[in-house]
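Open the structure in your viewer and keep the selection panel at hand. We will go stop by stop, and each stop says what to pick and what is there.

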Number of protein chains: 2
Amino acid sequence: MLSFAEENYLKAIYHLAEQSGQSVSTNAIADELNTKAASVTDMIKRLSSKGVLSYQKYKGVYVSEAGKIAALQVIRKHRLWETFLVAKLKFNWDEVHEVAEQLEHIKSPLLIKRLDELLGHPKFDPHGDPIPDENGEYKEKPKTPLFELQIEQSGIVVTVQDDSPAFLQYLDKIGIYIGAKIKVIDKVEFDGSMEIQIDGRKTNFISKQVSENIWLTE
Amino acid sequence: MLSFAEENYLKAIYHLAEQSGQSVSTNAIADELNTKAASVTDMIKRLSSKGVLSYQKYKGVYVSEAGKIAALQVIRKHRLWETFLVAKLKFNWDEVHEVAEQLEHIKSPLLIKRLDELLGHPKFDPHGDPIPDENGEYKEKPKTPLFELQIEQSGIVVTVQDDSPAFLQYLDKIGIYIGAKIKVIDKVEFDGSMEIQIDGRKTNFISKQVSENIWLTE
DNA sequence: TATAATTTTTAGTCTAATCTAAAATTTTTT
DNA sequence: AAAAAATTTTAGATTAGACTAAAAATTATA
Ligand SMILES: [Mn+2]
Ligand SMILES: [Mn+2]
Ligand SMILES: [Mn+2]
Ligand SMILES: [Mn+2]
């Protein structure tokens with residue numbers, strides 16, 4: 001049985017490993033969790049001894065098969081709770097992440113089973129992220145970052161890569177939501193910013209940082 | 001901000017204080033929480049320094065006004081979650097207590113506000129216990145333990161004093177629920193057991209321990 | 001390839017929460 | 001009112017999780 005802290009580390013390491021594909025460095029973990037490298041070294045030793053990570057001194061860590069299963073269950077709970085908060089408790093999509101960080105650690109298989117049923121077995125959370133099933137399986141929608149689109153190209157928003165309230169509130173303000181249609185009007189090579197049209201109506205200028213975090217499908 | 005452990009202690013001490021009306025002893029707390037007296041001494045020092053208990057060495061503790069407010073908010077959350085689990089997730093009344101012990105510690109005022117709204121501001125939980133409002137206020141229904149009724153007297157079940165699965169499953173088995181009508185058919189002076197009729201149909205023999213934990217109104 | 005810079009680990013401390021064993025205090029019994 | 005019994009507190013350890021500072025290992029640079 002993993003503690004809250006252990007689950008948080010494992011989840012963060014799993015996400016970092018997915019992104020990089022390689023072993024995850026101590027510093028990258030410390031950075032992600034706003035903690036110190038020394039604390040990370042302590043924790044990854046503990047997690048390896050529990051069999052969810054494989055660790056070689058100075059070489060970083062990999063997530064084991066058992067670790068992936070455990071991480072995906074935490075992620076499943078996180079995303080189910082976020083979906084519940086929006087669908088049943090009228091939370092805005094920028095209000096759910098912090099609470100889900102707490103709720104994801106509640107231990108009760110029945111609770112998650114029933115929550116999933118109540119929500120009708122949702123496949124995606126309010127930010128467009130896929131919800132793994134009881135077996136940790138999920139399917140991603142094919143998607144590209146808005147940043148990579150060329151002038152005149154367009155797509156439908158399927159997911160946002162940043163869950164921070166600041167980012168989501170900004171998207172609310174300029175009218176971007178999951179399902180919105182975005183067309184690239186102009187791109188500035190110098191700083192990577194672009195002009196976009198949302199749902200064929202509004203036009204906005206957005207920074208590279210923003211366009212990298214909005215992912216689209218055809 | 002109280003930790004999980006601190007909230008659990010405070011809640012237990014609040015309940016013990018309500019029952020006795022007097023100061024709560026170290027041993028009574030240790031007993032209630034299945035912990036050791038030495039651990040309790042440590043914790044009550046910490047809770048007094050946080051202002052939620054008043055403590056005199058060797059004299060036991062009282063819950064302060066601030067402590068009562070904090071305790072009632074935890075109790076409110078516990079009972080709202082139990083109500084949610086039964087009303088929305090189809091849990092049986094014997095399955096909710098353990099999960100609510102975890103959920104009661106989630107910190108999010110908005111979550112509790114919305115949960116309360118979703119449930120229609122319920123006044124009682126699945127065991128018949130009153131749910132305090134945002135200000136910690138609640139009203140009890142007038143009630144007497146079944147044990148005190150005389151032969152031929154009857155009443156409606158309003159609450160059960162024991163939330164353990166074993167007890168609640170037994171009540172399910174013999175057909176007792178919140179709202180059931182119970183009539184005393186016979187009482188055995190020797191061991192305090194009694195024969196009762198439930199909803200004018202079934203007849204059962206129940207022990208003193210059981211009749212003390214079922215509370216009725218007219 | 002030697003030196004410098006960076007990353008990672010180790011060593012030692014700290015706090016919250018728990019425990020056992022022993023000492024101190026209060027309560028009960030003689 | 002002593003002595004005995006019970007309760008409560010203290011002292012000292014332990015574990016999880018975090019930190020700082022210093023040492024060790026790795027990587028980059030000259
Ligand atoms: Mn999230
Ligand atoms: Mn979390
Ligand atoms: Mn309960
Ligand atoms: Mn609890």
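**Stop 1: DNA strand C**

Select DNA strand C and the residues around it. There are 21 of them, and the closest are Tyr55(A), Lys57(A), Ser3(B), Ser39(B) and Arg46(B). A residue counts as near a molecule or strand if one of its heavy atoms lies within 4 Å of it.

A word on the model before going further: it is predicted, so local features need pLDDT of at least 70, side-chain atom pairs count only at pLDDT 80 or more, and totals for chains, interfaces and linings use all residues. Residues are numbered from 1 along each chain as its sequence is written, chains are lettered from A and ligands numbered from 1 in the order in which they are written, and side-chain values use heavy atoms, with hydrogens and water left out.

- Pick Thr41(A): a polar side-chain atom lies 3.0 Å from a phosphate oxygen of DNA strand C.
- Pick Asp42(B): here a polar side-chain atom lies 3.2 Å from a base oxygen of DNA strand C.
- Pick Tyr58(B): an N or O atom of the side chain is 3.3 Å from a sugar or linking oxygen of DNA strand C.

Colour by element next. Helix H2 (26–32) and helix H3 (37–49) of chain A, with helix H1 (4–20) and helix H3 (37–49) of chain B, each give two or more residues to the surface near DNA strand C. Helices (H or I, at least four residues) and strands (E, at least two) are DSSP runs, numbered from the N terminus.

**Stop 2: DNA strand D**

Select DNA strand D. Of the 21 residues around DNA strand D, Ser3(A), Ser39(A), Arg46(A), Lys45(B) and Tyr55(B) come nearest. Sugar or phosphate accounts for 79% of the atoms of DNA strand D within 4 Å of the protein, and bases for the rest.

- Thr35(A) has a polar side-chain atom 2.7 Å from a phosphate oxygen of DNA strand D.
- Lys36(A) uses a polar backbone atom, 3.3 Å from a phosphate oxygen of DNA strand D.
- Lys45(B) places a polar side-chain atom 2.5 Å from a phosphate oxygen of DNA strand D.

Helix H1 (4–20) and H3 of chain A, together with helix H2 (26–32) and H3 of chain B, each give two or more residues to this surface.

**Stop 3: where chain A meets chain B**

The contact (heavy atoms within 4.5 Å) takes 21 residues from chain A and 21 residues from chain B. About 1600 Å² is buried between chain A and chain B, and carbon and sulfur atoms give 74% of that area. Buried area is the accessible area (1.4 Å probe) that two parts lose on being put together, summed over both.

Select Leu89(A), Gln102(A) and Arg114(A). In chain A these lose the most area to chain B, together 30% of what that side buries. Helix H4 (65–89), helix H5 (96–103) and helix H6 (109–118) of chain A each give two or more residues to the side that touches chain B.

How many salt bridges cross this interface? The rule finds zero between chain A and chain B. A salt bridge is a side-chain nitrogen of Lys or Arg within 4 Å of a carboxyl oxygen of Asp or Glu. Polar contacts do cross: six residue pairs, both at pLDDT 80 or more.

**Stop 4: the manganese ions**

Donors are N, O and S atoms within 2.8 Å of the metal (3.2 Å for Na, K and Ca); water is not among the atoms, so sites may look incomplete.

Pick ligand 1. This manganese ion is coordinated by His78(A) (NE2), Glu82(A) (OE) and His97(A) (ND1), at 2.1 to 2.2 Å. His78(A) and Glu82(A) both lie in helix H4 of chain A, four residues apart, about one turn of the helix.

Move to ligand 3. The manganese ion there is coordinated by His78(B) (NE2), Glu82(B) (OE) and His97(B) (ND1), at 2.1 to 2.2 Å.

Finish with ligand 4. The protein donors of this manganese ion are Asn8(B) (OD1), Glu101(B) (O), Glu101(B) (OE), Glu104(B) (OE) and His105(B) (NE2), lying 2.0 to 2.5 Å from it. Asn8(B) lies in helix H1 of chain B and Glu101(B) in helix H5 (residues 96–103) of chain B, so the pair ties together parts that are 93 residues apart in sequence.

**Stop 5: a salt bridge**

Select Arg76(A) and Asp116(A). Their side chains meet in a salt bridge (3.4 Å, N to O). Arg76(A) lies in helix H4 of chain A and Asp116(A) in helix H6 of chain A, so this pair ties together parts that are 40 residues apart in sequence.

Conventions
A polar contact is a pair of N or O atoms within 3.5 Å; within protein, one must be able to donate a hydrogen and the other to accept it, and residues adjacent in sequence count only if both atoms are side-chain atoms.
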